[in-house]
Amino acid sequence: MSIWLDPEPIEVPDALQQAVGGPELVTQTLVRRGIRSPVEARAFLNSGFYIQSQPGDLPDLGLAVDRLQHAIEGGEPVAIWGDFDADGQTSTALLLETLRWLGARGTARVPTRREGHGLHWKGLKKLIDDGARLILTCDTGVTAHDAVARANQLGAEVIVTDHHVLGQDLPPAVAVVNPHRLPPGHPMTHLTGVGVAYQIARSLDAGIAARSLDLVALGTVADVGTLVADNRYLVQLGLEALRTTSRPGLEAVYEAARLRAGGITEEHIGFVLGPRLNALGRLDDAKKGVELLTTDDPVRARTLATEVEGLNGQRQRHTRDVTINALAQICLLYTSPSPRDLRQDLVCRLLLE
């Protein structure tokens with residue numbers, strides 16, 4: 001016999017109900033989420049009422065921006081080191097196109113899955129040997145003490161932008177921009193890698209940064225960022241940007257995945273777009289994802305989108321095979337010739353069909 005547990009009754013403030021209007025279920029849900037005032041409710045439901053945080057709240061952001069501006073003005077090349085998941089690809093693309101729009105000499109390096117996450121000394125040394133004297137990380141680097149120290153010894157400076165949990169000490173970089181350095185409860189605490197990259201871009205040029213809000217939404221949702229405060233606001237704006245994007249790469253992916261641009265939702269990011277970018281990083285070369293997101297060539301975009309579609313199909317087959325094998329192992333533990341276990345046997349057979 002099933003027992004249903006209903007949520008405890010909750011009292012909705014009259015002012016909140018009047019401000020929000022509509023069914024009381026909506027306001028009850030808001031209260032359960034800790035939102036009790038009309039001001040908070042409006043900001044949560046409508047991005048037009050939300051006041052986003054200032055980028056300068058992030059520790060070291062000013063140092064990072066000053067160093068990047070110096071590089072831009074002096075024509076100094078900037079090497080961006082990203083990561084191979086969807087958050088890493090979008091943050092790399094965002095910083096690369098921002099620097100290029102500002103006239104900087106930007107290049108990008110995204111490690112392969114075989115190399116693994118993080119800053120690797122072998123790849124870092126190659127960048128330095130090739131002339132890089134300023135390296136900008138995104139979505140990685142906050143625990144790369146040795147790699148940053150060795151880069152410094154060879155005359156290169158490193159700016160770390162990341163959102164992963166801090167180590168006991170910070171690496172010896174010019175700047176370490178990470179939302180975990182903010183006070184607890186700050187509205188930017190839950191920024192993903194692309195969210196941090198956006199704050200860098202916003203400080204360099206707010207108008208240019210606004211062109212990349214589609215990437216912010218894509219990377220934030222694909223990385224399962226907590227959708228509260230600034231994250232929620234940026235995703236709300238970014239979804240609108242995704243619906244009207246002029247990026248040939250995204251348009252090509254929409255077409256290949258049979259998505260209607262005007263109907264894009266966070267669900268499409270989580271279950272259609274994000275997995276395709278992740279398939280690139282897991283089965284091929286994530287740098288193609290950066291190219292897909294930044295190319296202006298529609299022909300190249302369609303070629304890359306077709307490749308992504310094939311890799312995503314391969315990923316789905318791998319996932320299905322692993323799931324079937326796991327279910328088969330579980331069923332071996334429970335199958336039995338005795339009559340009382342016939343129902344379990346039938347369930348297992350159905351699962352494995």
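**Entry 1: Val224**

I began with Val224, which is exposed, at a relative accessible area of 69%. The cut-offs I used are these: buried is under 20% relative accessible area, exposed is over 50%, and partly exposed lies in between, with a 1.4 Å probe and protein chains only. I noted that the model is predicted: local features need pLDDT of at least 70, side-chain atom pairs count only at pLDDT 80 or more, and totals for chains, interfaces and linings use all residues. I also noted that residues are numbered from 1 along each chain as its sequence is written, and that side-chain values use heavy atoms, with hydrogens and water left out.

I then located Val224 in the loop between helix 10 (213–222) and helix 11 (229–243). Helices (H or I, at least four residues) and strands (E, at least two) are DSSP runs, numbered from the N terminus. Val224 is not a glycine, yet I found a positive phi of about 55° for it. Most residues other than glycine have a negative phi.

**Entry 2: Asp60**

I looked up a further positive phi, of about 75°, at Asp60, which is not a glycine either. Asp60 belongs to the loop between helix 3 (38–45) and helix 4 (61–73). Its relative accessibility is 23%, so I recorded Asp60 as partly exposed.

I next traced an open sheet of five strands, in the order 2-1-3-4-5 and with parallel pairing. Two strands pair if DSSP finds at least two bridges between them. Strand 2 (106–109) and strand 5 (175–177) are the edge strands, each pairing on one side only. On average, neighbouring strands of this sheet are turned by 20° against each other, direction ignored. For such angles, axes are lines fitted to C-alpha atoms, for helices over the stretch in contact, and the values run from 0 to 180 degrees between N-to-C directions.

I asked which way the side chains of strand 1 (residues 78–81) point. Val78 and Ile80 point one way, Ala79 and Trp81 the other, and all are buried. In a regular strand the side chains alternate between the two faces of the sheet.

Strand 1 pairs with strand 2 in the parallel sense over four bridges, and Ile80 has Ala108 in strand 2 as its bridge partner. From strand 1 the chain crosses through helix 5 (residues 86–101) to strand 2, a right-handed β-α-β crossover. Right-handed means that, with the strands pointing away from the viewer, the path from the first strand over the helix to the second runs clockwise.

Strand 1 also pairs with strand 3 in the parallel sense, over three bridges. There I found Ala79 opposite Ile135 in strand 3.

Leu134 has Glu157 in strand 4 as its bridge partner. Strand 4 is mostly covered, with four of its five residues buried. The chain reaches strand 4 from strand 3 through helix 7 (residues 145–153), and this β-α-β crossover is right-handed.

Strand 4 and strand 5 pair in the parallel sense over three bridges. Here Val160 has Val176 in strand 5 as its bridge partner.

**Entry 3: Asp162**

I moved on to Asp162, in the loop between strand 4 and strand 5. Is Asp162 buried or exposed? Asp162 is buried, with a relative accessible area of 2%. Contact means heavy atoms within 4.5 Å. Not counting residues up to four places away in sequence, Asp162 touches Asp139, Thr140, Gly141, Val142, Val177, Asn178, Pro179 and Val196. Asp162 and Pro179 are 17 residues apart in sequence, and 7.9 Å apart in space, C-alpha to C-alpha.

**Entry 4: Asn278**

I placed Asn278 in helix 13 (residues 266–283). Asn278 is buried, at a relative accessible area of 12%. Not counting residues up to four places away in sequence, Asn278 touches Asp85, Ala86 and Gln89.

**Entry 5: Charges over rings**

A charge sits over a ring if NZ of Lys or CZ of Arg is within 6 Å of the ring centre and within 35 degrees of the ring normal. I found Arg211 over the face of Trp101, at 4.6 Å from the ring centre. I also found the charged end of Arg232 over the ring of Phe44, 3.7 Å from its centre.
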